[in-house]
Amino acid sequence: MELITRTPTSTVVVGAGLAGLTAARRLVDAGSEVTVLEARDRLGGRAHSVTDSFAEGQHGDLGAELVLRHYDSLIRTCGELGVELSDPVFFERPDTKPDETSLEGFLDEGRIIVDGELLTGEAFREVDTEIRKALRNAPLARHEIFEQWTRRARLSPRARGALSGVLRMAVQYDPFQTDGQHLVEGRLGAVRRIVGGSRRLVEALARGIDIRLDTPVLAVRQSGGRVTVETESGETISADRVIVAVPPFVVPTLGFDPPLPATRIGALTSLQRASGGKVIAQYAEGDAVRAALTRGVFSDGPINIAWVGNPYVTQGPAVVSGFLCGADRQFLESDDAAVAGLDAVVETAVGSPVTRIAATRKDWTPDRFALAMGTTLPAAQRGSLAAQFAFPDRRVHFAGDYTVGRLSGTMEAAVRSGERAADEVLRRPGRMQLAEIDSTLVRG
Ligand SMILES: Cc1cc2nc3c(=O)[nH]c(=O)nc-3n(C[C@H](O)[C@H](O)[C@H](O)COP(=O)(O)OP(=O)(O)OC[C@H]3O[C@@H](n4cnc5c(N)ncnc54)[C@H](O)[C@@H]3O)c2cc1C
């Protein structure tokens with residue numbers, strides 16, 4: 001049953017990441033009046049491409065980069081906006097068999113570094129055989145923590161080391177925090193990039209939208225059928241609806257009046273944080289680096305994986321992205337340690353010294369507008385958690401990569417959530433489901 005109501009005409013979107021920009025784009029395209037308030041002096045949030053110090057106009061992505069084959073909404077959006085995607089690269093072995101787990105798909109000669117040694121020949125075969133035997137004889141139980149499984153299955157330190165890099169490909173947690181389910185379900189498959197960096201999508205989404213940068217939001221207040229957003233500088237902006245599209249760990253830093261329900265706060269504060277970020281460097285020996293690292297090289301060190309960030313560039317220097325994730329604060333906090341760590345991974349993979357042209361690094365954990373790289377919702381509860389996070393609170397809607405179940409913590413989740421939040425605002429113009437009446441009209 002539906003009730004005829006006034007069509008919402010104005011919306012404030014808080015946060016100009018992929019979720020907020022997707023929502024704003026959809027609303028503007030539907031003829032709505034939209035204002036986006038963004039805390040930073042730039043767009044994109046955790047989709048952040050940088051070019052400044054790199055030679056030959058190359059870029060690096062300090063945040064989101066890999067576009068997976070099942071990113072349907074993102075791939076469609078790129079198509080609609082004329083944003084080019086690269087050809088795919090396989091990180092897993094392209095010949096991975098249907099009955100192999102994604103973890104087995106990553107077991108590949110010459111692509112895993114343990115204790116500073118690239119596993120090739122007999123050394124690789126030993127580790128490969130041991131891991132496959134362990135998976136067969138003591139299969140990972142559903143939701144068993146990865147570290148627990150390596151002990152139950154009596155893996156040698158070398159095999160554990162090999163897998164500690166591989167497992168952080170799936171989620172950026174430490175082995176003692178990673179649900180083994182993430183490693184056995186699904187496949188990464190072919191991986192594409194946004195040509196020119198994630199900023200190309202960000203710029204295309206933002207075109208023609210009223211966006212105010214350097215405008216951190218302090219509080220969101222609902223009363224009298226309107227929502228008022230208060231900024232840190234004391235400005236207030238009223239609208240029919242608000243879409244809050246900030247990262248999950250930032251939501252508890254905003255004031256909500258009336259306060260958010262206890263269940264939502266409880267769920268938000270229980271989320272696991274993926275700490276860390278990326279170190280990116282450009283190397284002069286482009287061909288050698290491309291040959292060794294285009295499909296990614298795993299390591300048991302703090303840089304768990306490094307890959308060529310611009311594989312569609314086939315000449316000149318190569319840009320390499322290294323993931324810095326986990327609890328090793330020394331690496332997360334020091335430019336020198338992070339860059340030296342990436343150099344070591346690249347040199348080991350290439351097998352000879354390399355010349356670094358430029359480098360940059362970002363740790364997202366202390367960044368007050370992110371407070372982490374992100375989160376992957378726990379496999380066992382992701383459906384219920386995502387439903388809770390996505391549920392509107394009267395006139396306040398929520399978007400962001402944590403409000404989508406299976407793909408939480410990805411660009412695809414951010415885009416899908418933005419579309420969903422915009423549709424909530426636009427839905428059935430002038431009509432409201434009976435179930436929403438209490439929350440949006442009676443209590444609002
Ligand atoms: C290092 C790293 C690598 C990644 N790699 C990949 C990858 O390869 N593939 C992939 O799919 N995903 C990847 N991700 C995840 C991806 O970046 C995110 O899932 C996605 O960008 C999240 O978009 P979002 O809009 O939900 O959040 P965000 O991008 O974080 O956007 C939220 C916005 O809200 C703003 N904001 C925060 N607080 C306030 C406030 N008080 N007032 C106003 N604005 C505020 C922020 O500044 C930000 O712009 C990676 C992330 C990181 C950090």
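Helices and strands here are DSSP runs, numbered from the N terminus, a helix having at least four residues and a strand at least two. I note at the outset that this is a predicted model.

**Entry 1**

I looked next at Asp214, whose phi is near 50°, a positive value in a residue other than glycine. Asp214 also belongs to a loop, the one between strand S11 (210-212) and strand S12 (217-223). I recorded both cases because most residues other than glycine have a negative phi, and most peptide bonds are trans.

**Entry 2: division into domains**

I looked up how the protein chain is divided and found domain 1 (10-45 + 199-271 + 375-442) and domain 2 (92-184). Their C-alpha centres lie 38 Å apart. To the contact between them, domain 1 gives 6 residues and domain 2 gives 6 residues.

**Entry 3: the interface of the two domains**

I asked how much area domain 1 and domain 2 bury between them. The value is about 390 Å², with 59% of it on carbon and sulfur atoms. Which three residues supply more of the area that domain 1 buries against domain 2 than any other three? They are Thr376, Ala379 and Ala380, which supply 82% of that area. I searched for charged pairs across the interface and recorded 0 salt bridges between domain 1 and domain 2. For polar contact, the rule finds 2 residue pairs across this interface, both at pLDDT 80 or more. On the side of domain 1 that touches domain 2, I listed 3 nonpolar, 2 polar and 1 charged residues.

**Entry 4: salt bridges in the whole structure**

I noted that side chains of opposite charge can pair when their charged atoms come close. The structure holds 33 salt bridges. I followed one of them, in which Asp423 pairs with Arg26 and the closest N and O atoms are 2.9 Å apart. This pair links distant parts of the chain, 397 residues apart: Asp423 is in helix H14 (residues 411-426), and Arg26 is in helix H1 (residues 18-29).

**Entry 5: a site named in the record**

I consulted UniProt, where an unreviewed entry places the feature "binding site" at Glu38, Ala39 and Val217. These residues are spread over 180 residues of sequence, yet they cluster in space, the largest C-alpha distance being 7.9 Å. I traced Ala39 to the loop between strand S3 (33-37) and strand S4 (49-50).

Technical notes: Residues are numbered from 1 along each chain as its sequence is written. This is a predicted model: local features need pLDDT of at least 70, side-chain atom pairs count only at pLDDT 80 or more; totals for chains, interfaces and linings use all residues. Side-chain values use heavy atoms; hydrogens and water are left out. Domain bounds come from an automatic or database domain assignment. Contact means heavy atoms within 4.5 Å. Buried area is the accessible area (1.4 Å probe) that two parts lose on being put together, summed over both. A salt bridge is a side-chain nitrogen of Lys or Arg within 4 Å of a carboxyl oxygen of Asp or Glu. A polar contact is a pair of N or O atoms within 3.5 Å; within protein, one must be able to donate a hydrogen and the other to accept it, and residues adjacent in sequence count only if both atoms are side-chain atoms. Ala, Val, Leu, Ile, Met, Phe, Trp, Tyr, Cys and Pro count as nonpolar, Asp, Glu, Lys and Arg as charged, and the others, Gly among them, as polar. UniProt positions are given in the numbering used here, feature names are shortened, and annotations may be inferred rather than shown by experiment.
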